[in-house]
Structure formats: C-alpha cells, structure tokens
Amino acid sequence: MANAIQTEKLTKYYLGKKVLGIKSLDLEVKEGEIFGFIGPNGAGKSTTIRLLLDLIRPTSGNGKIFGLDINENSVEIKRLIGYLPGEVFLPEHLSGRQSIEYYSKFKEKIDSDYLRSLIKKLDLDLNKKIKEYSKGNKQKLAIVLALMHKPKLLILDEPTSGLDPLNQQSFYNLILETKKWGTTTFFSTHILTEAERICDRVGIIKSGKLLKIENIDQFKEKNIREIHLETTGEIPLSHFQVNGIKKVERTTIGYKITTIGPNAMTLSKILSNKIIDVKISEPSLEEIFMKYYKE
Amino acid sequence: MITIIIQKFKEQWRSLIYYFLGLLAYSWMIMSLFPTMAKMDLESLYSQYPEEFLKFFGSEQMESMSKIEGFLSLEFLSLFFILIVGFYVASSAGSTIAGAIEKRIMDFQLTQPISRTKLVISETILGLFNSFFLTVLTSLSIFGLSKIYNVEISAKGLIAFTVIATLLLWAFYGIALFLSSLLRTKIIVAASTIFILMGFYIFSSMTRIVEKLADYDKYSIFYLYDPEKLLTTGNININHALILFGIFTAGLVGSIVVFNKKDI
C-alpha cells in the first residue's frame with residue numbers, strides 16, 4: 001500500500017537552534033488508515049502537523065504527502081486535504097453559512113448531499129455569526145469545513161477538545177465513515193482512549209522524538225491503568241503479587257496500583273480485602289512514557 | 001484570487017463608505033469656506049502668520065493662498081487627506097499579514113489551496129483599488145463642490161492630483177505591507193506607517209524652514225507630491241510617478257519574500 005504521508009529526518013528547531021520542535025522524524029502513514037499521533041502537550045504533535053501543512057518550514061529533512069513535497073507542492077497538497085485544528089479561528093463576522101460558502105469556493109467539488117447530512121448530523125445552526133458560536137459549535141463548523149469536500153487526507157490536531165461526549169461520539173462515527181471511501185486520517189491526540197477507539201496504528205512522540213509506532217492491538221494490550229483503592233486497613237503484600245501489577249504505592253486512604261493488561265485477575269484478588277471504594281483511571285501520558293517506554 | 005477579493009470587499013465596503021463620507025465632509029467644509037475666504041484679504045491674513053508656519057504646510061507664496069489650488073493644498077490635500085487615507089491604507093495592509101496572524105485566522109486560510117503569494121496579491125489588489133477609489137471620489141467631490149460654490153478649478157489639475165496622490169498612497173501601502181510581513185500586530189503596523197508618513201512630512205517641512213537642510217528635500221517622499229503644483233499645472237512628472245510606483249513595488253515584493261519564508 002502506498003504512503004499518504006512520508007517524512008524523512010524531518011526536523012524543526014525554533015528560535016535559531018534554541019527550542020526543539022521535532023527531531024529526525026521518520027514517519028510513514030499508509031493510504032486509507034487512521035493513524036494516531038500520541039504525545040503529551042509540547043511533544044511535537046502540532047509542530048509535525050504545521051510542517052505537513054507548510055505553515056512552518058523545516059530546519060532540515062523533508063516530507064511528502066501522496067508523493068508531493070510538503071513545501072514545493074503545498075497548494076496541490078491542500079486540494080487533497082481537510083484540516084481540523086483543536087482550537088478554531090475563523091473570520092468572526094461571517095455566519096456559519098457564509099463561512100461554508102467562502103471556504104467551499106477553494107474546493108474543486110462539494111457533494112451537497114453529504115454537506116447537508118454533515119450539518120444535520122452535527123445539529124449546527126448556520127445562521128448565527130461565528131462570534132456568537134460556543135467553542136463546541138465553532139468546532140462543529142470546522143468539522144464541516146474539513147470534511148465537506150471528502151478529502152483524501154484528513155489532518156486532525158486534537159480535534160475533540162471543544163466537543164462534549166455526545167458530539168465526540170458523532171465525530172468518531174464521521175471519521176470512521178470517511179474510511180469507507182478511502183480517506184486517510186492523521187490524528188493527533190493526548191487522549192489514549194480516543195486513539196484506541198478509532199486508530200489502526202499509533203505513533204508515540206515525546207520531546208520531539210518518535211518513540212515507537214505500534215498497531216492498535218499491540219497498543220491496546222498494554223491497557224495501562226491506575227487503580228485507586230480506598231481501604232479500611234492494610235492489604236497483605238502477597239495479594240498484590242499478580243501478573244500485570246507493575247507498581248503499588250501507599251496513599252493516605254489506601255493504595256494506588258499501576259497495572260498493565262487485563263484487570264480481572266487483579267481485581268478479583270484485591271476485592272477480597274476490606275475495600276470501601278475503587279476508582280480505575282487512565283494515567284497521564286507522562287506516567288505511561290515513564291513506566292512503559294522508559295523515557 | 002477573486003474569491004478572496006470579493007470576500008475582503010464584503011468585509012471592507014462599509015468602512016470605505018465611512019472614510020469617503022469623512023473626506024466628503026472635509027472637502028465640503030473647505031470648498032464652502034473658500035468663497036468667503038477669497039473675499040477677505042487672505043494675503044494680509046496669511047502675512048500675519050509666522051513665515052515658518054506657512055512653509056511647514058508647504059505654502060511659501062502668499063498670493064497662492066488666495067487661489068483655490070493653494071487654499072485646498074494648505075488646508076486639506078498636502079497633509080490631512082494623505083493622513084486620513086494613509087491611515088486606511090496602513091490598517092488595510094496591516095490586516096493582510098500581521099493582523100491575520102495575530103487573529104490566528106491565517107492558519108485556516110493557508111490550509112486552503114492558495115499560495116501565500118496569491119493571498120498577498122489578492123488583498124493588495126483590493127487595497128490599491130480602495131485607495132484609488134477614495135482619491136477619485138475625493139477629486140470628484142471637489143470638482144462637484146466647485147460647481148456648487150462657483151469656484152474655478154481645473155479638471156486637468158484634479159486628474160494630475162488623483163494620479164500622484166494615488167501613487168503616493170500606494171507607496172505607503174507598499175511600506176505598510178512590508179512592515180506587515182515583519183511585525184506582529186496590525187496596530188503596530190498602522191502606527192509605524194503613520195510614524196514614517198509623518199516623519200517624511202516633518203522632514204520635508206523642515207527642509208523648507210531650515211536653510212542647511214534645503215538641499216536634502218529630495219530625501220522625503222513628499223518631495224514627489226506637491227498638490228498645489230499638480231492642481232495648478234495639471235502636469236504629471238513621470239519620474240516622480242515611477243519612483244512612487246517603484247516604492248510600492250519594492251514593498252510588495254519584499255513583503256512576499258518575507259511572508260513566504262515566515263513561520264506562521
């Protein structure tokens with residue numbers, strides 16, 4: 001399968017060579033896949049996306065989208081892509097309808113039935129001015145603008161940050177729908193469950209360096225979780241000797257356990273103790289990288 | 001390109017009308033004042049002004065003040081017209097790059113299939129048209145008002161003024177556009193352009209007042225723009241026109257080069 005995105009030693013420093021954006025990024029995103037680009041804030045995700053969009057210029061290295069150079073063929077590339085930023089800034093005096101009319105003039109072909117269905121699915125009021133939109137509605141409008149021309153490549157930069165859970169679900173469905181007509185999606189996020197839900201492969205980036213690329217099944221297997229136990233007393237250490245428990249810490253009200261993999265065995269053994277409450281959460285990416293990727 | 005030009009025109013037409021109404025009101029005030037002023041002994045009135053004051057505003061000849069060309073030039077066209085339209089031009093050029101980056105709408109615009117060069121040229125075309133439009137309408141207003149108030153003013157002179165004033169404003173547009181590619185905010189671009197405009201004007205005036213500076217008058221852009229002479233003679237100095245157009249072109253090319261290398 002051909003590559004939708006390919007970068008070779010793509011490097012970006014800011015302020016001369018003082019601040020590293022990304023370093024020697026070698027990345028291949030195949031046509032038709034949904035590729036998650038995961039990393040904490042400041043890891044280099046947005047820098048990579050801005051380089052791909054030719055908003056910033058690389059210090060060294062190069063990149064190609066559908067075989068076209070990201071700097072030399074930027075205009076041709078932009079005919080093929082849809083971009084959705086995490087925070088949307090559009091001309092505020094335009095109404096939703098006017099902004100769709102304006103940006104659609106840059107596109108070669110708009111499927112008006114699909115456009116109508118997008119607006120309906122997202123329940124978007126197009127008569128309001130953009131300055132009157134909530135953050136969520138601005139995000140919905142940007143989703144319409146990114147998808148309305150059925151692009152060959154979708155570039156999404158933390159796209160769900162302004163959406164409530166219901167709209168997030170609609171958004172995931174829309175992205176999965178685009179896959180049916182062969183759209184490739186490059187999706188940056190710092191939310192693991194989001195990547196697990198829709199991505200085929202994920203690239204893990206931290207401090208400007210790509211640590212690993214994994215299939216989503218390999219990634220899901222890790223299932224890194226934190227289990228917070230509130231107890232009435234101590235739990236014997238032997239109860240924590242279960243496959244998958246990586247770390248046990250004492251807290252003021254009980255224990256914090258870090259686990260990898262399925263949690264059924266762990267929970268059945270621990271819950272035989274005097275437990276008042278159990279909370280299971282996703283650790284921060286920083287913690288995951290510290291524990292799993294040893295970075 | 002046409003999509004951007006139409007969209008920007010939709011955004012700007014209201015402010016264009018407000019600027020025109022302001023200029024019309026100013027022209028009206030000056031033209032309605034002139035018949036009364038002309039009946040007065042303007043020469044002796046102006047002769048009571050300090051000589052430096054009149055020289056500062058570009059009028060060294062007392063007798064010219066009793067003519068509409070000299071009066072219009074002193075009271076309106078030599079500075080206030082250029083300052084008013086210059087501010088419009090500076091704001092417009094400031095919005096093109098610095099303002100759009102500041103508001104962060106540039107990001108989304110540049111993810112559309114249009115090159116940075118075409119984006120700047122599209123907005124420049126509109127900026128040039130608008131400054132030409134304001135200058136033409138001001139000249140037409142002056143011509144129309146001259147008929148109402150029975151003041152004789154040469155159409156040829158007004159055409160010559162329109163051409164050179166437009167080119168002077170385009171030169172300031174080029175300067176502002178270049179600053180827009182370098183600076184961070186629209187307001188800094190507008191303020192810097194007006195500072196440069198006033199700097200040139202003050203320098204030009206000083207060359208008339210301070211004898212030692214007299215030979216340096218060519219170093220001010222206002223050396224190329226003498227509304228009184230243009231209105232009186234109706235002659236366009238081609239070299240002056242080319243230099244003004246050259247300044248605009250250099251500013252446009254410079255801004256495109258810088259913008260194409262700029263990280264957004």
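**Exercise 1.** Find out how many helices and how many strands chain B has.

*Solution.* Start by counting: in this predicted model, chain B holds eleven helices and zero strands. Next, walk along the sequence, and the pattern reads α-α-α-α-α-α-α-α-α-α-α.

**Exercise 2.** Work out how the radius of gyration of chain B compares with the globule rule.

*Solution.* Take the chain's length, 264 residues, for which the rule gives 18 Å. Now look at the model: the radius of gyration of chain B is 20 Å, close to that value, so the chain is as compact as a globular protein of that length. For the extents, the C-alpha trace of chain B spans about 65 × 45 × 30 Å along its principal axes.

**Exercise 3.** Say what share of chain B is buried, and what share of its contacts with a separation of 6 or more links residues 24 or more positions apart.

*Solution.* First, burial: 45% of the 264 residues in chain B are buried. Then the contacts: of those with a separation of 6 or more, 77% join residues 24 or more positions apart.

**Exercise 4.** Track down the largest nonpolar core and look at B:Val89.

*Solution.* This core has 68 residues, and B:Val89, B:Leu168 and B:Phe172 are among those with the most contacts inside it. Helix H8 of chain B, residues 155-182, supplies the largest share of this core, at 17 residues. Now zoom in: leaving out residues up to four places away in sequence, B:Val89 touches B:Gly127, B:Ser131, B:Leu169, B:Phe172, B:Tyr173 and B:Ala176. Finally, another core of 56 residues lies apart from this one, including A:Leu10, A:Ile34, A:Leu153 and A:Cys199.

Definitions and conventions: Residues numbered from 1 in each chain as written. Chains lettered and ligands numbered in written order. Predicted model: local features only at pLDDT ≥ 70, side-chain atom pairs only at ≥ 80, totals over all residues. Core = buried A, V, L, I, M, F, W, Y, C linked by C-beta atoms within 7 Å. Buried ≥ 20, exposed ≤ 12 C-beta atoms within 10 Å, placed from the backbone. Helix = DSSP H or I, 4+ residues; strand = E, 2+ residues; numbered from the N terminus. Contact = placed C-beta atoms within 7 Å. Rg over C-alpha atoms; globule rule 2.2 N^0.38 Å.
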